[in-house]
Amino acid sequence: MSTLLDVSELHWLLDIVQSIDVGVVVLDREYRIQVWNSFMENHSGRPASQVSQRSMLELFPEIDQAWFTSKVETARMLGTRVFTIWEQRPYLLRFSNYQPITGLADHMYQNVTILPLRTVNTSTGHVCLIIYDVTNVAVNKLQLEAANAQLQQLALHDGLTGLLNRRHWESCLEREFSRHTRHNNPASLVIFDIDHFKQLNDTYGHQAGDEVIRQVAALTRGMVRETDYAGRYGGEEFAILLTDTSLEGAALFAERLRQAVERLEIAYDKYLLRCSISLGVACIHGSMTGYPLLIEAADKALYRSKQAGRNRVTLSGAATAH
């Protein structure tokens with residue numbers, strides 16, 4: 001009995017194969033195409049007469065040959081179906097997406113079933129690829145994931161500045177404080193606010209004030225490390241938790257930030273705005289029984305900076321530093 005697929009006796013089956021809205025491809029042992037249905041013609045732009053008896057691997061170089069042949073040979077050897085889904089590999093063949101769903105997908109997302117075809121003597125000479133267009137499912141899921149990520153972003157970050165919002169920032173501080181309690185790692189807190197912010201708002205308007213807050217926040221975000229936690233504490237007040245940082249290290253950071261803000265020029269409307277910040281710095285130490293005491297220590301240092309004339313750094317328990 002020949003191991004080749006005798007398609008001449010299966011006209012009725014091929015009619016069905018041609019009419020269904022999935023891709024059907026039959027390959028021989030050398031990966032030469034034996035069956036290529038209408039779905040494949042329409043989406044590849046290649047008629048069956050053009051691809052018949054030609055190697056699929058040569059016709060479509062986008063196929064990862066090592067991965068694909070491994071899948072096919074597994075199906076042949078075990079005699080069972082093998083599946084691939086779009087979440088593991090977006091597509092087998094890069095077909096353009098013509099469905100008017102969204103502009104998010106420029107290609108067709110595909111699920112693929114690799115089906116070994118047995119002859120009457122149970123040998124497996126051919127495999128059938130069934131290619132499903134799952135673009136709608138994929139795009140809907142990707143949109144949902146993007147929406148959830150955006151909601152997560154909004155839930156954790158301040159809308160104006162992109163910094164952590166106060167609630168999430170405090171939860172990070174609480175977690176870091178607990179880590180310090182367990183491992184005695186240093187951590188410091190810098191709290192600062194924009195000097196004479198009410199006067200700036202009254203003079204140039206609230207939109208100008210918002211722009212100043214955005215620019216100062218962007219500058220701050222660019223200076224902190226990935227392991228630090230920068231948040232908008234409220235209004236024009238900000239807080240930065242510097243992990244694994246001593247009081248002296250935090251003081252150096254705070255002074256660099258103060259100088260950077262002092263040099264900052266903010267273009268708004270026809271104005272060129274400048275501002276300064278006052279900062280308070282505190283470090284976790286053994287006598288602190290909870291993270292609110294760290295906030296209180298940094299806040300008191302900030303208050304002393306304001307009393308001393310603003311635009312300066314004050315360390316908790318130390319004299320004012322310019």
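Buried means under 20% relative accessible area, exposed over 50%, and partly exposed in between, with a 1.4 Å probe and protein chains only. The model is predicted: local features need pLDDT of at least 70, side-chain atom pairs count only at pLDDT 80 or more, and totals for chains, interfaces and linings use all residues. Residues are numbered from 1 along each chain as its sequence is written, and side-chain values use heavy atoms, with hydrogens and water left out.

**Exercise 1.** Classify Cys275 and Cys283 as buried or exposed, and state how many disulfides the structure has.

Solution. 
- Cys275 has a relative accessible area of 9% and is buried.
- Cys283, at 18% relative accessibility, also counts as buried.
- A disulfide is a pair of cysteine sulfur atoms within 2.5 Å. A search of the whole structure finds zero.

**Exercise 2.** State how confident the predictor is in the protein, and where pLDDT stays under 50.

Solution. 
- pLDDT is the predictor's confidence in each residue, from 0 to 100. The protein averages 88, and 90% of the residues score at least 70.
- The stretch where pLDDT stays under 50 is residues 1-5.
- Contact means heavy atoms within 4.5 Å. Residues 1-5 have 12 contacts beyond four places in sequence in the model.

**Exercise 3.** Compare the span of helix H6 with its expected span, and locate its buried residues around the axis.

Solution. 
- Helices (H or I, at least four residues) and strands (E, at least two) are DSSP runs, numbered from the N terminus. H6 covers residues 135-156, which is 22 residues.
- The expected span is 1.5 Å times one less than the number of residues. For H6 the expected value is 32 Å, and the helix reaches 31 Å from its first C-alpha to its last.
- Thr135, Ala138 and Val139 are buried in H6. Down the axis, the buried residues of H6 fall within an arc of 95°, so they line one face of the helix; the arc is that of the directions from the helix axis to the C-beta atoms.
- The face turned away from the buried side carries the exposed residues Val137, Leu144 and Leu151.

**Exercise 4.** Identify which residues of the largest nonpolar core touch the most other members, and which element gives the largest share.

Solution. 
- A nonpolar core is a set of buried Ala, Val, Leu, Ile, Met, Phe, Trp, Tyr and Cys residues joined through side-chain atoms within 4.5 Å. The largest has 32 residues, of which Val190, Ile194, Val216 and Ile240 touch the most other members.
- Elements supplying at least two residues each include strand E6 (187-194), helix H9 (206-223) and strand E8 (237-243). The largest share, six residues, comes from H10.
- Another core, of 26 residues, lies apart from this one; Val25, Met40, Met56 and Leu57 are among its members.

**Exercise 5.** Describe the surroundings of Leu242.

Solution. 
- Leu242 is in strand E8 and, at 3% relative accessibility, counts as buried.
- Leaving aside neighbours within four places in sequence, its contacts include Ala187, Ser188, Val190 and Phe253.
- Pro186 is 56 residues from Leu242 in sequence, while their C-alpha atoms are 8.9 Å apart.
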